Amino acid sequence: MDKIKYCIRSHKRPEAIKNKTLSFLNYNNIPKKQIYIFVGEEEIETYKKSLGSEYNILYGGSKGIAYCDNKITEYFDEDEKIVLMDDDIKEAYELFMREGKEKNPRNDKRLLPSNLRLLDFQLFVKDGFDLLESYNLTLFGMYPVCNSYFMKNTKPIELDLNFIIGRISGYLNKKDIIIKDDCREDYERTILHFKNTGGVIRFNHTCCEADTYIGAGGLAESRTNEKMEQSVNYMLTTYPDIVSRKKCKSKYPEIRLKKLKTKICS
């Protein structure tokens, strides 16, 4: 576990990252020396001044999230174990059916969501990398929404082509995986890892809560309707056998992944 790198992409959020993702990692006893924060060159000193010198604060560029992801890939060695995270993670949960609501052990001013409890994050990460090794795969992640009603009707673990949301995901660093889509980098990462290995691992009974489009900085600045439509067109053109347009109530145009089955025996 001490060789795992926890990599956070951040933009104009030195205080938010401190109160959210870094607080979350501290609660889960992740050593600061294993945490790498990738920011724009002009932001490095601001983040160092705000967060201190114990974290690894590195250049991740200011040209979009895909560029930052590729800088992370470039920085680390092949097959290094990386947990990729957004800078606005509030909590991580696992499915736990129960009567009534309970207080959050980490913050007793908040209640836990229905039928969810706090996730043992270190155990989740260990299990993820152990399963990657067992199945010779390279990417694992969580269920995309924190909704126990949907989660309870899923298999606990799947290896088929399922969307691995980028808020928290774990992977073995692969130099040949290059991300080009700034708006749906997690969809593209999912596709590329699946195409390389024939499977990805999704823990359907785990999820995380984040403030993805709230506050200054982060994705809220860059994800406009125009850019999201350009992203849809890029994904449809680049991966026509895997991606289709999704009709939903989202304010942004959306896509879905076709349900491709893994050939790996689970």
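Where does Arg98 lie relative to strand 5 and strand 6? Arg98 is placed in the loop that links strand 5 (89-95) to strand 6 (103-104); helices (H or I, at least four residues) and strands (E, at least two) are DSSP runs, numbered from the N terminus.

The model is predicted, so local features need pLDDT of at least 70 and side-chain atom pairs count only at pLDDT 80 or more, while totals for chains, interfaces and linings use all residues. Residues are numbered from 1 along each chain as its sequence is written, and side-chain values use heavy atoms, with hydrogens and water left out.

**Loop residues**

Buried means under 20% relative accessible area, exposed over 50%, and partly exposed in between (1.4 Å probe, protein chains only).

| Residue | Relative accessibility | Class |
|---|---|---|
| Arg98 | 14% | buried |
| Asn115 | 16% | buried |
| Val145 | 40% | partly exposed |
| Asn29 | 60% | exposed |

Beyond its neighbours within four places in sequence, Arg98 is in contact (heavy atoms within 4.5 Å) with Leu112, Pro113, Asn115, Leu116 and Arg117. A polar atom of the Arg98 side chain lies 3.0 Å from the backbone oxygen of Pro113.

Asn115, one of the contacts of Arg98, sits in the loop between strand 7 (107-111) and strand 8 (116-118). Phi of Asn115 is near 60 degrees, a positive value in a residue other than glycine. Phi of Asn29 is likewise positive, near 60 degrees; Asn29 belongs to the loop between helix 2 (21-27) and strand 2 (35-39).

Val145 is found in the loop between strand 9 (139-142) and helix 6 (148-151). Together with Tyr149 and Phe150, Val145 makes a nonpolar surface patch of about 310 Å². Accessible areas come from the Shrake-Rupley method with a 1.4 Å probe.

An open sheet of mixed pairing is formed by eight strands in the order 3-2-1-4-11-9-12-10. Strand 3 (56-59) and strand 10 (157-158) are at the edges; each has a single partner strand, so one side of each lacks a neighbour in the sheet. Two strands pair if DSSP finds at least two bridges between them. Strand 10 and strand 12 (residues 201-203) run antiparallel and are joined by two bridges. Ile157 stands opposite Phe203 in strand 12.

Definitions and conventions
A polar contact is a pair of N or O atoms within 3.5 Å; within protein, one must be able to donate a hydrogen and the other to accept it, and residues adjacent in sequence count only if both atoms are side-chain atoms. Patches are made of residues with over 30% relative accessible area and no salt bridge: like charges are joined within 9 Å, nonpolar side chains (Val, Leu, Ile, Met, Phe, Trp, Tyr) within 5 Å. A salt bridge is a side-chain nitrogen of Lys or Arg within 4 Å of a carboxyl oxygen of Asp or Glu.
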